[in-house]
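Please consult the sequence and structure shown here.

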Amino acid sequence: MHPYTEITAEIDNAPAGPQIAALFDFDGTIIDGYSVFSFLREQVRRGDLAPFEILATVDAVARFGLGSADFTALMSLSAHSMKGLKEEDYLDVAQKLFERDLAKKIIPETRALIEAHMRKGHTVAIISSATPYQVVPCAKYLGIDKVACSTIEVKNGIFTGELGGPLCFGVGKVNAALALAETHDVDLDNSYFYSDSTDDIELLEYVGKPRPLNPSHKLRDIAEKRGWPVRVFRSRSRKSVMGLTRNIATKISLVGSVLAGLPIWALTGSKQEARNFSMSLFGDLASAVAGLKLEVVGEKNLWAARPAVFIFNHQSDIDVMICAKLLRRNFSGVGKAEIKKMPLIGVAMEYSGVVLIDRNNSKGAIAALDPLIDRIKQDQISVVMAPEGTRTHSKKPKPFKKGAFHIAMQAGVPIIPIVIHNAMDVSPMGDTLYYPGTVEVEVLAPIDTSDWTTANLHTQVTKVEALYKAALDKSTAVGE
């Protein structure tokens, strides 16, 4: 069962087709909190704001929050603070801010709703009073190509300090929805709008299916009176000492698991049995401490053809414990050389049989992988690798490198793809904390490599990439 089946049930049972729109507010709805504060902090850090501008902006934000200032005044002040800056530089800053600050604030349950609407082929759009610089990087990450925002005027690549037109706020959001409906032949009477604020009451009243999400007290009261269904998602609001403790304890559990395996080595004389005990313990212990649960499809494929080269799409640093929990015994892995510099962790990883390679030295990295082929052949040890080489924090894998495929071909063992769907819900981009949650994993059938050659390897890798794309697209594609 998909981990968000209950949350998406209404959408899963709804009619399909692009004539139905799913419109989402951004701040407080797609992300937890408000993106403006991340941008304000960055402007202060960069020195783009004079002291009096900082005070004026903070005052305006506070007064708007209290209802004593209008949104136009707030946005005008924001536009003025950007006067003279290059838009090109700001676009770069916006992307970095998304990766560092905003990605980790994406609410997993909201993302599940977005993906459910996409599966139905609904017209999904973000309609936000924020600027494109706040919204567009997140929209691209989520696969949303329709965005309506408030704009800031740019001439010759430079911000003029003026607004770029009517604000996408209040009635402005209704106008944006009407424009979308006209362009894409959408029926707003049968469409959804998700928002957390009474600032959006006009559009909530206009669409046929208003859906208050994480509503303010005022919007909750209105929703109760009008019979609007309310959803509250707080999984990204749990910042606490316990969260930090969970993160540290999860990492330390690797060291503890290795130490627990040493008596096995001493008593049996088998280092591999000790490793098996340690890795199995680590998978269970770290998952329990992190609050990680797995929903596994195709679990039988984990044991169908060993030894094998297991590959996985690398979404987060929690993938290590996912693989340990899945594979459990008789496997080795590959990691980056930087891990050696981590106190205790580096030693524990090497003891566990992980080969640490320098990704900046391609010849040295290839040479370091050669012993893995011998281990597969002689010791019947499987290997697990991330063919992307680095984390993506996304459902769109980067192009696969060929190392794992060369190993499988030379060792004469199958490739077994492990498809991780939503590890970023537990360990999001830019965050140092783990969040309790369920990760959906698919283990695909073993892929025979006996007829692979150096000449056809590129074609074979392309086929495996296509399997990943098809499996991951099921989260968002029409007609799952």
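In this predicted model, a network of salt bridges links Asp25, Lys173 and Asp200.

- Aspartate 25 and lysine 173 form a salt bridge whose closest N and O atoms are 3.0 Å apart.
- This pair links distant parts of the chain, 148 residues apart: aspartate 25 is in the loop between strand E1 (21-24) and helix H2 (35-46), and lysine 173 is in helix H8 (residues 171-184).
- Aspartate 25 is buried, with a relative accessible area of 5%, and lysine 173 also counts as buried, at 1% relative accessibility.

- Glutamate 10 pairs with arginine 211 in a salt bridge, with 2.6 Å between the closest N and O atoms.
- Glutamate 10 is in helix H1 (residues 5-12) and arginine 211 is in strand E7 (residues 209-212), 201 residues apart.
- Glutamate 10 is partly exposed at 38%, whereas arginine 211 is buried at 12%.
- Arginine 119 is buried, with a relative accessible area of 13%, while aspartate 12 counts as partly exposed at 29%.

**Asparagine 276**
- Asparagine 276 is in helix H12 (residues 271-290) and counts as buried, at 5% relative accessibility.
- Beyond its neighbours within four places in sequence, asparagine 276 is in contact with Arg328, Arg329 and Asn330.

Terms used
Residues are numbered from 1 along each chain as its sequence is written. This is a predicted model: local features need pLDDT of at least 70, side-chain atom pairs count only at pLDDT 80 or more; totals for chains, interfaces and linings use all residues. Side-chain values use heavy atoms; hydrogens and water are left out. Helices (H or I, at least four residues) and strands (E, at least two) are DSSP runs, numbered from the N terminus. Buried means under 20% relative accessible area, exposed over 50%, partly exposed in between (1.4 Å probe, protein chains only). Contact means heavy atoms within 4.5 Å. A salt bridge is a side-chain nitrogen of Lys or Arg within 4 Å of a carboxyl oxygen of Asp or Glu.
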